[in-house]
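Please look through the structure shown here with the explanation beside it, taking one pair of elements at a time.

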Amino acid sequence: MVEIKRNALFRDQDIFKEIKENVDKLEGSDLELENPLIRDGHKSPSHKFGTRAAEAAILFLILEDRKYLEISKDLLRITIKYYQIRNDNNLNIHWYNFSRINALAAFDWIFNYLSKSEKDELGRPLLEAIAFMADHPNRRDIFRRNGGGVQSGFYGPNALPWYAGVVFYRTGINDLLAEKLLTSGFEDHIKMLKHRSKRAGDDGGSNSGVIGYALGAYPWAAFNFFHTFFSATGIDISKRWDYLPNFVNYVFWNWLPDKLEFGYGDAKHLDNALPVGLLSLHLEQLLHFYKDDFPQMEKVARYLIKQLSDVRQEDFPYMRFLLNPGVDKKASLGFLQEVPIARHFENMGQVFFRSGNRVDDTYALFTAGGSAQHKHFDDNNFVIFRNGFLALDSGTRPQPGIHLSHYYCRTVAHNCITVKMPGEQMPKYWGGPSKKEEDLPIPNDGGQNELIGGHIFAFDENEQYAYVASNATNSYHEAKVEEVIRQFVFVPPDHFVIFDRVRSTKREYSKRWLLHTASEPEMNSLQFKASHQKGVLFCRTLFPKRAKIAKVGGEGKQFWSDGKNWLLPELTPDDWNYKGMNWLDNEHDLFGQWRVEVVPEKAAKEDYFLHLIQVGDGAMEQMTVSKAIACGNSLGVGFQYGEKEFEVTFFKEGDTGGEITIFRKGRKILEENFTTDLKSQKGFLD
């Protein structure tokens with residue numbers, strides 16, 4: 001408690017002052033519940049009384065002023081009343097469990113200062129209310145109740161048993177119930193940590209590849225468990241879970257210039273801003289637990305923290321008082337020179353590429369397999385960024401609105417291959433229609449029917465190039481495809497070669513190669529140009545030699561799929577999330593309302609798509625000269641950039657492979673076959 005008091009009164013005095021001012025306003029005020037029967041508790045501020053109770057309790061412990069003890073008790077009483085009303089009417093409290101954890105913390109912190117009757121008055125109904133939320137045999141389905149378990153964010157009521165069990169263990173209030181909750185809660189948290197450890201592997205990562213979740217509420221589940229376990233036992237259990245430091249590695253590779261991100265999965269695509277509101281605090285948590293054992297993590301974490309401004313967070317406003325992340329040792333930034341041009345996060349199913357670490361460098365993301373949490377039907381997808389989003393994921397996530405389930409999550413909304421089998425019934429995704437929308441069948445976009453059917457089976461990187469090979473065959477319905485393989489080559493700083501081998505079960509099943517852009521593409525025979533902000537992309541089709549290339553989009557076809565435009569919904573006050581969707585309109589360029597489709601001129605079972613992409617700044621007016629290569633079992637492309645000449649070829653049949661040859665001023669400097677293995681990478685920078 002001495003360190004917590006010192007942190008609050010000196011190092012974190014601005015946070016402490018703000019907490020004190022907020023709680024002081026409550027002294028002598030009448031505490032009233034606001035709309036306690038609202039359908040979605042997420043929309044009511046009344047749940048915040050639990051957090052205010054924790055703030056008052058910690059003020060009492062730090063200042064030893066009994067007025068804060070009385071305020072905390074009053075806040076617990078109104079909180080318990082709110083819980084009972086919501087439980088009695090089968091209504092949710094909030095999507096996140098944070099304010100309920102705070103209410104439990106408040107009771108725990110003031111427990112020794114309560115009379116026996118107060119312990120029973122406050123403790124018994126609080127314990128029973130939390131137990132009812134977490135699990136109860138008479139519990140019915142509840143609107144907007146977070147049922148996510150150990151393989152998701154684990155920030156709903158399912159995680160509450162541990163906290164209730166720790167607080168009420170052997171208090172004499174209901175020891176049997178408390179011990180039951182403690183045991184089940186501990187077991188669930190260990191399952192959660194095991195799953196996350198497996199997902200991260202030796203690279204880093206999260207339960208979801210969607211960075212908004214990875215940098216948002218997901219980390220709280222582990223950090224809060226570590227803190228409370230140490231408080232209850234004196235054991236630092238974080239040391240048993242050393243996958244977490246590598247999370248900093250994952251953050252680093254997702255970080256684009258100007259604090260942007262790729263927009264993978266269930267991202268809104270409003271501005272693709274990196275969700276950094278909690279990141280500084282999450283990084284300080286990692287330093288608190290791991291700084292002494294992981295010097296490379298510490299170096300990268302402090303580098304990232306320097307680029308962040310501290311944002312006031314309301315989930316656990318007192319959290320920084322508990323942390324001791326140490327001081328910045330002003331480590332050298334030389335590690336940036338050691339960063340490879342590509343990093344494969346095996347268990348996340350993601351490969352990141354970068355030509356450097358500057359604002360005007362090229363960045364890309366390739367995905368296949370990984371975690372199903374908030375992933376789309378997008379195996380073998382890629383996103384390219386250079387001074388703007390040049391090849392992007394399209395659509396957005398209205399809640400409610402069938403744009404989410406009928407377009408945004410579908411293969412057609414990504415830079416993938418579609419194979420149209422008439423009559424195919426596509427799988428459902430989460431989300432539903434708004435009040436003004438008809439609940440229509442899922443369109444047949446010709447896309448994938450499995451979220452994680454694909455897998456990356458080859459990866460390599462060196463100073464000259466990076467290479468990925470991925471098999472997405474099992475992502476599609478087995479009745480329509482026999483093979484869908486993509487080979488993706490990054491030639492720094494600005495070129496990409498993409499080769500697709502696609503074999504359908506019937507020749508009449510039409511195949512489409514898709515690339516989505518933020519602006520209307522300029523078409524020129526087998527080549528097109530698209531721009532965004534200060535960046536520009538050129539894409540040239542080398543194969544098929546005879547292809548039909550068309551742009552799709554613009555007014556009336558922004559989100560076109562299976563003969564219908566799946567526009568964003570027009571919400572009304574009758575829709576449950578009406579106010580939360582006030583950003584909905586069709587004007588955001590990162591919704592990607594244009595795409596280019598490449599279709600073979602003649603139907604065939606086997607088709608090969610080979611594309612050369614070049615990106616640059618807005619001043620780039622034309623694409624480099626290239627030549628198509630067709631020799632025996634190989635297809636490829638030759639092109640020149642600066643002093644170098646490149647030849648990149650791929651096998652049409654048999655084993656997946658190919659070759660890259662590089663000349664500088666006519667002298668061969670590299671000739672090697674593409675790997676058939678996964679290059680080993682682990683930890684930071686390797």
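In this predicted model, helix α4 (residues 66-88) and helix α5 (residues 98-110) have axes that come within 10 Å of each other and cross at roughly 140 degrees. Angles over 145 degrees would count as roughly antiparallel, and α4 and α5 are therefore described as oblique to each other. As α4 passes α5, the crossing is left-handed. On the side of α4, the residues that take part are L69, S72, K73, L76, T79 and Y83, and they meet S99, R100, A103, A106, F107 and I110 in α5. An α-helix has 3.6 residues a turn, so residues three or four places apart point the same way.

How many salt bridges does a search of the whole structure find? The search finds 38 salt bridges, and three of them can be followed here. In one, E121 pairs with R77, and their closest N and O atoms are 2.7 Å apart. This pair links distant parts of the chain, because E121 belongs to helix α6 (residues 116-134) and R77 to helix α4, 44 residues apart. E121 is partly exposed, with a relative accessible area of 38%, and R77, at 29%, counts as partly exposed too.

Another salt bridge joins the side chains of D562 and K420, at 3.4 Å from N to O. D562 lies in the loop between β16 (560-561) and β17 (564-565), whereas K420 lies in the loop between β6 (417-419) and β7 (455-461), so the pair ties together parts that are 142 residues apart in sequence. Relative accessibility is 41% for D562, which counts as partly exposed, and 27% for K420, which is also partly exposed.

The side chains of E483 and R503 form a further salt bridge, at 3.6 Å from N to O. E483 is in strand β9 (residues 481-491) and R503 in strand β10 (residues 495-504), 20 residues apart. Is E483 buried or exposed? With a relative accessible area of 13%, E483 is buried, while R503, at 22%, is partly exposed. Both residues belong to a network of salt bridges that links E482, E483, R501, R503, K605 and E606.

Finally, consider helix α11 (residues 247-254), which is mostly covered, with eight of its eight residues buried. These buried residues are F247, V248, N249, Y250, V251, F252, W253 and N254. What covers them includes α9 (211-214), α12 (279-290) and α13 (295-306), together with the strands β1 (342-345) and β2 (350-354).

Technical notes: Residues numbered from 1 in each chain as written. Predicted model: local features only at pLDDT ≥ 70, side-chain atom pairs only at ≥ 80, totals over all residues. Heavy atoms only, no water. Axes fitted to C-alpha atoms, helices over the stretch in contact; angles between N-to-C directions. Helix = DSSP H or I, 4+ residues; strand = E, 2+ residues; numbered from the N terminus. Parallel < 35°, antiparallel > 145°, perpendicular 65-115°, else oblique. Left-handed = near helix turned anticlockwise from the far one by under 90°. Contact = heavy atoms within 4.5 Å. Salt bridge = Lys/Arg side-chain N within 4 Å of Asp/Glu carboxyl O. Buried < 20%, exposed > 50% of the residue type's maximum accessible area, 1.4 Å probe, protein only.
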